[in-house]
Amino acid sequence: MASLGSDKPGIRHVADLAGVSHMTVSRVLNDHPNIKPDTRRRVLEAIEELDYRPNMVARALATQRTRRIGVIIESAVSFGPTSILRAVEMAARTSGYSVTAVALHEGDTLSPQDAVDNLTAQGVDALCVIAPRSSSVAALRRISLNVPMLVVKADADPTFLTVSIDQQAGTGLVVDHLVALGHRDILHIAGPLDWLDARARERAFHARAKSWGIRERPIVVGDWTADFAYDFAKGLNRLPDYTAVFVANDDMAIGLIHGLHDKGFEVPKDLSVVGFDDVPLARHFLPPLTTVRQDFTALGGAVVEMLRAALEERELPQLTRIPTELVARGSSAAPREVR
């Protein structure tokens with residue numbers, strides 16, 4: 001290989017090493033679809049061997065793109081939204097994009113319009129909204145955009161691109177698991193119903209319970225926090241008639257188990273408890289928590305691939321719902337005898 005002297009490697013060095021023109025290298029860097037696989041491989045190997053780092057400013061000027069995705073995230077301190085953001089950042093980096101995020105907090109003066117203005121002023125190529133509330137989605141519909149926008153939500157939408165974890169299937173796994181154990185009276189502690197994921201799980205729970213013909217009882221609407229579910233359990237005056245509780249996230253599930261323990265009730269002997277998320281500590285709860293595992297890595301990859309397809313005017317991917325997995329642990333068991 002020719003000596004590069006003290007200069008940093010440039011696009012022509014990559015082209016010489018790969019045996020192609022500098023225009024071909026440029027097309028590979030910009031993900032042009034009409035590049036032969038062997039040519040793309042040689043260029044990428046040359047880039048790696050030379051440790052070539054493209055000038056992103058010049059690249060943006062040439063392509064009229066910044067290769068930056070703007071993310072609007074709600075409830076940025078919660079496990080699910082932060083896990084999705086991290087997965088999107090990793091997938092974007094792999095694809096040569098960066099991510100700039102703006103967080104919306106409950107009671108914050110920053111509006112969805114402000115968040116969009118902030119990100120578009122930075123020249124983002126596309127926008128992604130994580131863990132949206134229905135009120136935020138309604139506000140976003142009123143905003144005129146000239147870049148693709150994707151909303152992470154379960155239902156298809158005429159205005160936005162959508163990708164999500166399959167909330168319906170995940171909730172169905174919970175109900176099927178509890179019914180298989182013998183439960184016929186299940187309480188659901190939902191998240192705030194303005195949150196699209198909470199609403200999707202609540203609707204899926206009712207639909208699946210109805211399909212099994214088990215007792216339907218009013219849900220309890222929580223706020224995603226362990227403290228809420230702990231206080232709910234502490235407020236029980238006796239062992240309830242229901243024998244299992246499906247909780248909309250793991251934080252509330254662990255709060256519920258804690259509160260039941262402090263009331264003298266035993267999980268799962270007296271009540272089975274199932275969560276949703278599979279937080280890293282779920283396997284270490286006492287008892288270890290039965291829950292639904294969400295594949296955030298796959299979700300992040302699907303988000304970036306959908307946005308890239310829209311930007312490159314390619315056919316959009318068909319996979320818009322990411323499968324879930326039930327992880328059965330010690331917090332669920334056969335029901336106690338109810339008199």
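## Helix packing and a buried aspartate

Among the elements that cover the buried residues of α5 are β1 (68-74), β2 (98-104), β3 (126-130), β4 (149-152) and α12 (296-311), where contact means heavy atoms within 4.5 Å and buried means under 20% relative accessible area with a 1.4 Å probe, protein chains only. This is a predicted model, in which local features need pLDDT of at least 70 and side-chain atom pairs count only at pLDDT 80 or more, while totals for chains, interfaces and linings use all residues. Residues are numbered from 1 along each chain as its sequence is written, and side-chain values use heavy atoms, with hydrogens and water left out.

The buried residues of α5 include Gly80, Pro81, Ile84, Leu85 and Val88. The 16 residues of α5 (residues 79-94) should span 22 Å at 1.5 Å a residue, which agrees with end C-alpha atoms 23 Å apart. Glycine 96, with a positive phi near 80 degrees, follows α5.

Helices α1 and α2 pack with their axes 8 Å apart, at an angle of about 105 degrees, and are therefore roughly perpendicular (65 to 115 degrees).

| Helix | Residues | Residues that meet the other helix |
|---|---|---|
| α1 | 11-18 | Ile11, Arg12, Val14, Ala15 |
| α2 | 22-29 | His22, Val25, Ser26, Leu29 |

Aspartate 270 lies in the loop between α11 (250-262) and β9 (272-274). Although buried, aspartate 270 has no salt bridge, and the nearest side chain of opposite charge, arginine 336, is 5.5 Å away; a salt bridge requires a side-chain nitrogen of Lys or Arg within 4 Å of a carboxyl oxygen of Asp or Glu.

How values were computed
Helices (H or I, at least four residues) and strands (E, at least two) are DSSP runs, numbered from the N terminus. Buried means under 20% relative accessible area, exposed over 50%, partly exposed in between (1.4 Å probe, protein chains only). Lys and Arg count as positive and Asp and Glu as negative; His and the chain ends are not counted. The expected span of a helix is 1.5 Å times one less than its number of residues. Axes are lines fitted to C-alpha atoms, for helices over the stretch in contact, and angles run from 0 to 180 degrees between N-to-C directions. Angles under 35 degrees count as roughly parallel, over 145 as roughly antiparallel, 65 to 115 as roughly perpendicular and the rest as oblique.
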